[in-house]
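The sequence and structure are shown first.

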Amino acid sequence: MVGHQGSAPCIPVWKTGVFLSTLMPGEMELIVVVGCFKRRNNPDMTIPAELLQRLAVAKSVTVLTGAGISAESGVPTFRDAQTGLWAKFSPEELATPRAFRRDPRLVWEWYEWRRKLVVDAMPNPAHLALAEIERLFQRFHLITQNVDGLHQRAGSRNIIELHGNITRTKCSEEGTIVSSWKDTGDVPPKCPACGGLLRPDVVWFEEPMPEEEMQLAMTASTHCDVFFSIGTSTVVYPAAALPSEALRSGAMVVEINPQPTPFTPQAHFALAGAAGVVLPKLVRVISASRRF
Ligand code: OAD
């Protein structure tokens, strides 16, 4: 039996509701996970033999990605010290409905800056490796918290976008997707149909999660043989609960992240490296092991 270690919490996905939120100490619930886990640090980037054995026969693989997978494309993460966006900006001032009501221009311009950044960025070897891995399994789901569209541009197909997509724009009044508007100099621009303010089609803190995507993500996490949690700090819920849900459902759960996260103690394997290094290596060994 492995108890939950330190302050790392584990909350069932529906426990926190379906609103986007970070974990607050008062909301933490300690649960005990029963099982026999083999956690390893992996400085030489060896892919553990047991993982390879499971992947060799796996029919269904699910991957959860976060900002770390796009770090090697030059897109800043949120919580890395120094370089993370939330080290310089406050989520409350930029990524909540209240922030948009208070200062729509500031929020629009910040997202415009990020939109340009991601449009100019290119998929990196980690994105490309995931697109290849998708072709090697009968069932493959890629759940992403990222709004940058880099998985699509790398060729991944079965993508579940939990937090929306920054390259899309919607009307803040009607919620409809708006693809073009008149440039009247207004910032933010106005909806051509109703005159409401336009905003990025992303999920902000305190907003409800998209129901269909949440349901698909939950099903993909609880019906897979192997689950990868890649480049995410696992502190934003409900996405952060998906690795635990996969674990509870019997999947082998693997984390790929150069830094430990609250989920690390529970992972069967924690591959401590950059996704752009670990994933291409994983593709090579999976391709070899599934060629029989
Ligand atoms: P975070 O910024 O919280 O975490 C990024 C994770 O990526 C960290 O654990 C890093 O250690 C790891 N990382 C950095 N470079 C990496 C690399 N090359 N390879 C692999 N991992 C690397 O980002 P998320 O977990 O995605 O929501 O954050 C979740 C949500 O919080 C985001 O979707 C966003 C944010 O606020 C909204 O904006 C609504």
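## Overall composition

The model is predicted. Its chain has 292 residues, of which 41% are buried. The secondary structure comes to 11 helices and 10 strands. Among contacts between residues at least 6 apart in sequence, 68% join residues at least 24 apart.

## Nonpolar cores

The largest nonpolar core has 54 residues, and Ile-143, Val-226 and Val-254 have the most contacts inside it. In soluble globular proteins, nonpolar side chains tend to be buried together.

Leaving aside residues up to four places away in sequence, Val-226 touches Arg-54, Leu-55, Ala-58 and Val-61, and also Ala-251, Met-252 and Val-254.

Strand E7 covers residues 226-230. E7 is joined to E2 by five bridges, and these two strands run parallel. Five bridges also join E7 to E9, again in parallel. Phe-227 of E7 takes part in both pairings: Thr-62 stands opposite Phe-227, and Val-253 is the bridge partner of Phe-227 in E9. E9 in turn pairs with strand E10 (residues 269-271) in the parallel sense over three bridges. In that pairing, Val-254 has Phe-269 of E10 as its bridge partner.

How many residues of E7 are buried? Five of the five are, and the strand is mostly covered. In a regular strand the side chains alternate between the two faces of the sheet. In E7, Val-226, Phe-228 and Ile-230 lie on one side and Phe-227 and Ser-229 on the other, and both faces are covered. E9 is largely enclosed by the rest of the structure because five of its five residues are buried. One side of E9 holds Met-252, Val-254 and Ile-256, the other Val-253 and Glu-255, and both of these faces are covered.

## Helix H7

Helix H7 spans residues 125-134, and seven of its 10 residues are buried. These are Ala-126, His-127, Leu-128, Ala-129, Leu-130, Ile-133 and Glu-134.

## Gly-250

Gly-250 lies in the loop between helix H10 (242-248) and strand E9 (252-256). Is Gly-250 buried or exposed? Gly-250 is exposed, because 12 other C-beta atoms lie within 10 Å and a residue with 12 or fewer counts as exposed. Val-226 is 24 residues from Gly-250 along the chain, and their C-alpha atoms are separated by 8.8 Å.

## The ligand shell

There are 30 residues around the ligand, and those that come nearest are Gly-66, Gly-68, Phe-78, Gly-231 and Ser-233. Helix H2 (68-71) and helix H11 (275-289) are the elements that give two or more residues to this shell.

By type, the shell divides into 14 nonpolar, 13 polar and three charged residues. Which domains contribute at least three residues each? Domain 1 (1-13 + 37-75 + 124-163 + 209-292) and domain 2 (76-120 + 169-202) both do.

Terms used. Residues are numbered from 1 along each chain as its sequence is written. This is a predicted model: local features need pLDDT of at least 70, side-chain atom pairs count only at pLDDT 80 or more; totals for chains, interfaces and linings use all residues. A residue is near a molecule or strand if its C-beta atom, placed from the backbone, lies within 6 Å of it. Helices (H or I, at least four residues) and strands (E, at least two) are DSSP runs, numbered from the N terminus. Ala, Val, Leu, Ile, Met, Phe, Trp, Tyr, Cys and Pro count as nonpolar, Asp, Glu, Lys and Arg as charged, and the others, Gly among them, as polar. Domain bounds come from an automatic or database domain assignment. A residue is buried if 20 or more other C-beta atoms lie within 10 Å of its own, exposed if 12 or fewer, and partly exposed in between; C-beta atoms are placed from the backbone. Two strands pair if DSSP finds at least two bridges between them. Two residues are in contact if their C-beta atoms, placed from the backbone, lie within 7 Å. A nonpolar core is a set of buried Ala, Val, Leu, Ile, Met, Phe, Trp, Tyr and Cys residues joined through C-beta atoms within 7 Å.
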